[in-house]
Amino acid sequence: MNKFTALYRSSVGKKIIMSLSGLFLCTFLVVHVVINLFLFKQDGGETYNRYSEFMSSNPFIRTIEIVLFAGLIAHVISGTLVWLKNRASRPVAYEMYQLKDNTTFTSRTPMLTASASLVGFFLVIHLRTFWVPNRFWETAPQSNYDLVAAAFSDPVYSLFYIVALVFLAFHLRHGFQSGFQTLGLSDKQYKWLIDSVAVIFWLFIPLMFAAMPAYFLWFK
Amino acid sequence: MDFKLKIWRQKNRDDRGRFVDYEVKNVSPDASFLEMLDILNVDLVKRGEEPVAFDHDCREGICGSCGLVVNGRSHGPGRGIATCELRMRGFKGGETIVAEPWRAKSFPILKDLIVDRTALDRIIAAGGYISSKTGAVPEANSIQVPKPAAEEAMDAASCIGCGACVAACPNSSAMLFVAAKVSHLALLPQGKVERKERVLKMIEQMDKEGFGNCSNNYACEAECPKKISVTHIARLNREFILAEIS
Ligand code: SF4
Ligand code: FES
């Protein structure tokens, strides 16, 4: 325990926790998006309903769910602590500061925190619409498929969802490769590999998520 | 060339400081930024005013003494140069140039453009060395170092400790500086012996000094006069993890 507190007190330690939890959350995105693909199967949502039934009843998955929440909380807390210390590290601002000459849009801190908070917001709404009704409403009137279909038939909700996805994409654009740097795994040799896998996370996965509202809005 | 200058003036550590406007005339385009300040200072002395204080020594980019944020860029616009290597020909005649000191909580301003960078010295003192008697010059081939490791180590060792990485970083993080030293020593057989204590102690000291955390946006690498690469930061992180888990 002592070693862990020492680790967590150090700046690099907090960032290691951030990277591990962040990359762990990325694996969840993969599982999530794969299950969502069943929405597109033309069987009135049968397969999708079966899978979501399985996901909400299987004890193993439910345990993972708890780990996932823990990961999310660890990510948010570490991120906030890091951010607070960074804010305090330059009490007097520069008169002129050309940070944009040297850094990418997504890597600049204000952007990150903004997108991160939006991602958080997105998750809250998301859980409220799907997870809570399924888990806690005794008499859930509809199947999961119907719930999804109903939510995404609402253009306002869909738009909000897509905007949140764009922020998630920005967040992952910086975050994914950043995790590897912090874990000491990036090197000139592997840069191409990390950057290519990163594209899956910041581009393809958000696009696949965005396909759902698009499908229910225009093709259903 | 003529310039308008907006320079940070601050009497001492406790003074609040402010920008003062100056004009400097007849500067050769080949003059360095520091030489331009010399010209201004001669004028100021002639007028009986206090000259602008700034750090400098070698004036050829090797000592790490100089360091100003010029027009919002550490060591001014341009890549791989220290402030002493910044030439006035890169500016437009008549342009207003803003010059301020490195700004970071860990670098308190001593006077005008001079900051206290002893925080970096304390980080080095915490572990940035090897503790063995070096003695007389050893036989060249007694300790063999693979060529790629020697190259990497040499690149890292070229850090001049100027602090531009801290100044350029939105988080005032000293990771590039610390990484350069940790990487330099971890790559060489002589440094490997104390690698674990070194990385832990240097990071501990870095945190104690109040530097921010690295958020991997790599402004440091872009402004480093020695173009130290952020891959050294990855190595620093690796060294830290290995030291923690073993
Ligand atoms: S890493 Fe580069 S910018 Fe930082 S102190 Fe060393 S030479 Fe200066
Ligand atoms: S004065 Fe020595 S590096 Fe600029």
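Predicted model: local features only at pLDDT ≥ 70, side-chain atom pairs only at ≥ 80, totals over all residues.
Residues are numbered from 1 along each chain as written, and chains are lettered from A in the order in which they are written. Local features need pLDDT of at least 70, side-chain atom pairs count only at pLDDT 80 or more, totals for chains and interfaces use all residues, and side-chain values rest on heavy atoms, with hydrogens and water left out.

Chain A is made of 8 helices and 0 strands, with helices taken as DSSP H or I runs of at least four residues and strands as E runs of at least two. Of its 220 residues, 41% are buried (under 20% relative accessible area, 1.4 Å probe, protein chains only).

Turning to the interface, 49 residues of chain B are in contact with 39 residues of chain A (heavy atoms within 4.5 Å). The pair buries about 3,600 Å², with carbon and sulfur atoms giving 48% of that; this is the accessible area (1.4 Å probe) lost on being put together, summed over both parts. On the chain B side, R103(B), N213(B) and N216(B) lose the most area, together 17% of what that side buries.

As for specific pairings, the interface holds 3 salt bridges, meaning a Lys or Arg side-chain nitrogen within 4 Å of an Asp or Glu carboxyl oxygen. One salt bridge links K188(A) to E152(B), with the closest N and O atoms 3.7 Å apart. Helix 9 (231-245) of chain B is among the elements that each supply at least two residues to the side touching chain A, and helix 9 gives the most, with 8 residues.

Key
Buried area = accessible area lost by both parts, 1.4 Å probe. Buried < 20%, exposed > 50% of the residue type's maximum accessible area, 1.4 Å probe, protein only.
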